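Dear colleague,

Here is the structure I said I would hand over. Please have it open while you read the notes below.

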Amino acid sequence: MKNLFTNIKGDAFGGITAGIVALPLALAFGVSSGLGPSAGLYGAIFISFFAALFGGTNTQISGPTAPMTAVSMVVIAGIIAANDGSVEKALPAILTVFLLAGLMQIGLGGLGLGKYIRYIPYPVVSGFMTAIGVIILVTQILPAIGYYPKEDESFVEQYKPEAEEVILENILKEEAAEDILVLEDFKETISRAEKITQDDILKESQTLAAKNASGVLGAIKVLPRALKNINWLELVLALGTIFIIYGFKRITTKIPSTLVALIVMSAIAILAKLDYRPIPEIPQGLPKLNTNIFTNFSLGSITPYIFTALTLSLLGAIDSLLTSVVADNMTKTKHKPNKELVGQGIGNSIAALFGGIPGAGATIRTVVNINSGGKTKLSGMIAGVLLFIILLAMAPLASQIPAAVLAGILITVGIGVMDYKGLRAIPSMPKDIKFGPVKLSSEVLIMLIVLVLSSLWDLVYAVGIGLVIASLMFMKKIGDLTAERSDVKPLKEEAWKDEANFPEKLKEEVFIKHLKGPLFFGSTSDFQALTLQIPETASIVILRLGRMQYMDQSGLYAMEDMLLELKAKNVEVLFVDLLKQPRYMMERIDIIPDFVPEEHIFKSFKDCLSWIKLNVKDNFKTINK
C-alpha cells in the first residue's frame with residue numbers, strides 16, 4: 001500500500017481506460033445472467049475496487065467474466081425456476097450462493113491453497129472454456145434476432161395445461177405446509193383453485209416457456225421457430241455491432257472496439273428513433289444493500305447449492321490466477337496467489353451483498369490497464385470508481401441501449417473465449433488409450449467430455465466429472481510408468497556390485513530382491529507376483545529397499561500380504577537400507593516388528609551379509625548333514 005500513489009498519472013489513465021472497456025461487457029454480462037444490466041454493473045464496480053485493494057496482483061482489473069457469468073446463468077435460472085419464475089423471490093437465494101462463493105474464495109486464500117490451483121488439468125480448463133463460448137454464442141442467437149420465447153403467444157399457449165398443473169401442485173404444497181389434510185377438506189383446495197386467474201396461468205406458462213427455451217438445448221429446440229419470427233431491425237443492430245467490433249480493430253486497437261460499437265449502434269437506434277427493444281432499466285442512485293439475504297433465507301435451503309458455490313469460487317480462482325500470471329509476464333513482477341484469492345473473495349462477497357454478479361480477474365482489461373500505464377493497485381480501484389460515477393450520472397442514458405447491441409457484443413465474447421489452441425491440437429495429441437480397436441488421446445477425450453457435458457447438460461457437474469476422469473487417467477499413466485520402470489524379476493540375475501562375492505553355496509537358500517521406485521496402488525499387482533518368483537529352496541528373502549522412496553496404503557497392505565504368505569512358509573525376510581517414509585508406514589500397522597523384527601533390518605548389504613554368514617551357514621550345514 002505504501003507504493004499506491006507512486007504512479008498516479010499512469011494508474012489514472014490505465015484505470016479509466018480499463019473501466020471504459022469494462023462498461024459494455026459489464027452491462028452485457030448482467031443482461032446475459034438473467035439479473036439485468038445493473039447486476040453486471042454492480043459486480044464490475046465492487047469487484048474491481050475491492051479485489052484491487054485487497055488482492056495480490058498490482059495491475060489486475062477484475063469484474064464479471066464470461067466463465068463466471070456462464071456458471072451464474074445456470075445458478076440463476078435454476079433458482080428462479082424453483083421460485084415460480086419470480087426473480088424477486090429467488091434473489092435472496094441467488095445472492096446467498098454468490099456470497100458463499102466469495103467467502104469460499106477467502107477461505108481458499110486463507111488456507112494457502114492458491115498455489116495448488118495451477119494443478120487443474122489443462123484438458124478440463126480447455127473443454128470448459130470452449131463450452132463457455134458455445135453456451136454464450138448459442139444462447140445469444142435468440143436475442144440477436146429479436147426472438148423472446150415468453151412473448152411468443154402461440155409458443156406460450158402450448159404450456160398452459162402444464163402451467164395449470166404446476167399451479168395446482170403449488171396449492172397442494174401450500175396446504176401441506178399449513179397442515180391442511182386434503183382428503184378431509186377439499187373445500188379449501190377448491191376455494192384456492194377458484195382464485196386462479198387467467199393472468200396467473202399466463203404468467204406460469206411464460207415461465208415454463210422461458211425455462212424450456214433456456215440453455216444450449218433449449219435455444220436449439222426453438223431456433224426453427226425463432227427463424228420464422230425474425231425481428232429484422234434487432235438483427236441489423238446485432239450484426240452492425242459485430243461488424244464494428246471486428247472491423248474497428250483493423251483500424252486501431254488503442255480505442256476499445258466494443259465501446260465504439262456500443263456507442264455507435266446505440267446512437268443510431270436512439271437518434272433515429274427506431275422501434276427497438278431496450279435493455280432492462282438500470283436503477284439510478286446508490287446500490288442498495290440486500291439485507292434480505294440474512295433475514296428471508298435459511299441455510300437449509302442453500303444446501304443443494306453448496307457444490308455450485310464451490311465451483312464458482314474455484315472457477316473464479318483459476319480465472320483470476322491465470323490472469324495474474326499474464327500480468328506477471330508483462331510487468332516482470334510476481335503476484336501473491338493466496339492474497340489474490342482473498343481479494344477476489346472480498347470483492348465477490350461485497351458485490352453479492354449489493355446485488356452484483358460474481359467475477360474474477362479479466363485478462364483483456366488487465367492487459368489494457370498495463371498497456372495504458374497502470375502499475376499499482378490504484379488503477380483497479382480507479383476503474384471501479386469510474387464505473388460507479390457512470391452508474392450515478394448516466395443510468396437513464398445507459399438504460400436506452402438496445403438489447404440486440406449487447407447480444408452482438410456477447411456473441412463476439414463467445415467466439416473469443418473459446419480455446420482454439422486446444423482445439424487445433426486435437427489431431428496431433430498422442431493416442432494413448434484403447435477402446436476396442438479404436439485408439440484415442442486421453443487428453444482429447446477429457447476435453448470433449450467436458451465440452452459436451454458443459455454445453456448440453458450442466459457446467460458444474462461437467463467440471464467435476466472431467467476432474468475425476470483426468471485424475472483416474474493420470475493415476476493409470478503413473479502406475480503404468482512406474483510398473484515399467486520397477487523391476488519385479490528375480491534380481492539375482494542382475495546382481496549389484498556389492499553382491500558379487502555372495503557365497504555360492506547360499507544362493508539356493510537366500511533369494512535377493514531389489515525394489516526400485518515407489519510401492520503404490522499402480523505397482524501393487526506386480527509386487528504381489530513377487531512370492532511366485534521365490535524358489536522353494538529359499539528360507540531367507542532379502543529385500544533391498546534403498547530405492548523405494550515412497551509407499552502408500554495400497555503398497556503397505558500388499559507388503560503385509562506378502563509377508564504373511566512368506567511367514568506361513570517359514571521364510572524369514574530381511575530389510576536392507578529401509579528409508580524413513582516406508583518404515584514409518586510399516587511401523588503404523590506393526591509390520592515392524594511383528595513380521596520383520598529390528599534385528600532383521602540392516603543399514604547396508606555388508607551388515608546383512610555378515611548376519612547371513614553367521615546364521616544361514618549353520619542352517620545350510622544342518623540341511624546337508
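The notes below cover the origin of the model, aromatic pairs, helices and backbone exceptions.

This is a predicted model, in which local features need pLDDT of at least 70 and side-chain atom pairs count only at pLDDT 80 or more, while totals for chains, interfaces and linings use all residues. Residues are numbered from 1 along each chain as its sequence is written, and side-chain values use heavy atoms, with hydrogens and water left out.

Aromatic rings

Six aromatic pairs turn up in a search of the whole structure. Rings of Phe, Tyr and Trp (its six-membered ring) pair if their centres lie within 6.5 Å; planes under 30 degrees apart count as stacked, over 60 as edge-to-face and the rest as tilted. One of the pairs is phenylalanine 49 with phenylalanine 50: the planes stand at 75° and the centres are 5.1 Å apart, so this pair is edge-to-face. Phenylalanine 49 has 23% relative accessibility and counts as partly exposed (buried means under 20% relative accessible area, exposed over 50%, partly exposed in between, with a 1.4 Å probe and protein chains only). Phe49 and Phe50 form one aromatic cluster together with Phe54.

Another pair is phenylalanine 502 with phenylalanine 605, which is tilted because the planes are at 35°, with the centres 6.5 Å apart. This pair links distant parts of the chain, 103 residues apart: phenylalanine 502 is in the loop between α22 (459-485) and β5 (510-516), and phenylalanine 605 is in helix α28 (residues 605-623). Helices (H or I, at least four residues) and strands (E, at least two) are DSSP runs, numbered from the N terminus. Phenylalanine 502 and phenylalanine 605 are both buried.

Tyrosine 148 has the charged end of arginine 277 over its ring, 3.7 Å from the ring centre (the criterion is NZ of Lys or CZ of Arg within 6 Å of the ring centre and within 35 degrees of the ring normal).

Helices

Helix α1 (residues 8-33) and helix α19 (residues 403-417) have axes that come within 9 Å and cross at roughly 95°. Axes are lines fitted to C-alpha atoms, for helices over the stretch in contact, and angles run from 0 to 180 degrees between N-to-C directions. Residues of α1 including Pro24, Leu25 and Phe29 meet Leu406, Ile409, Leu410 and Val413 in α19, where contact means heavy atoms within 4.5 Å.

In helix α17 (residues 363-371), the buried residues are Arg365, Thr366, Val368, Asn369 and Ile370. They pack against α1, β1 (62-63), α15 (306-331) and α18 (377-398).

Helix α21 (residues 442-456) has 15 residues and reaches 21 Å from its first C-alpha to its last, close to the expected 21 Å (1.5 Å times one less than the number of residues). Among the buried residues of α21 are Val444, Leu445, Met447 and Leu451.

Backbone exceptions

Lysine 332 is in the loop between α15 and α16 (337-353) and is exposed, with a relative accessible area of 72%.

Aspartate 590 is not a glycine either, yet has a positive phi of about 65°. It is found in the loop between α26 (580-588) and α27 and is partly exposed at 39% relative accessibility. The peptide bond from isoleucine 592 to proline 593 is cis, with omega near 15°, and proline 593 lies in helix α27 (residues 591-594).

Regards
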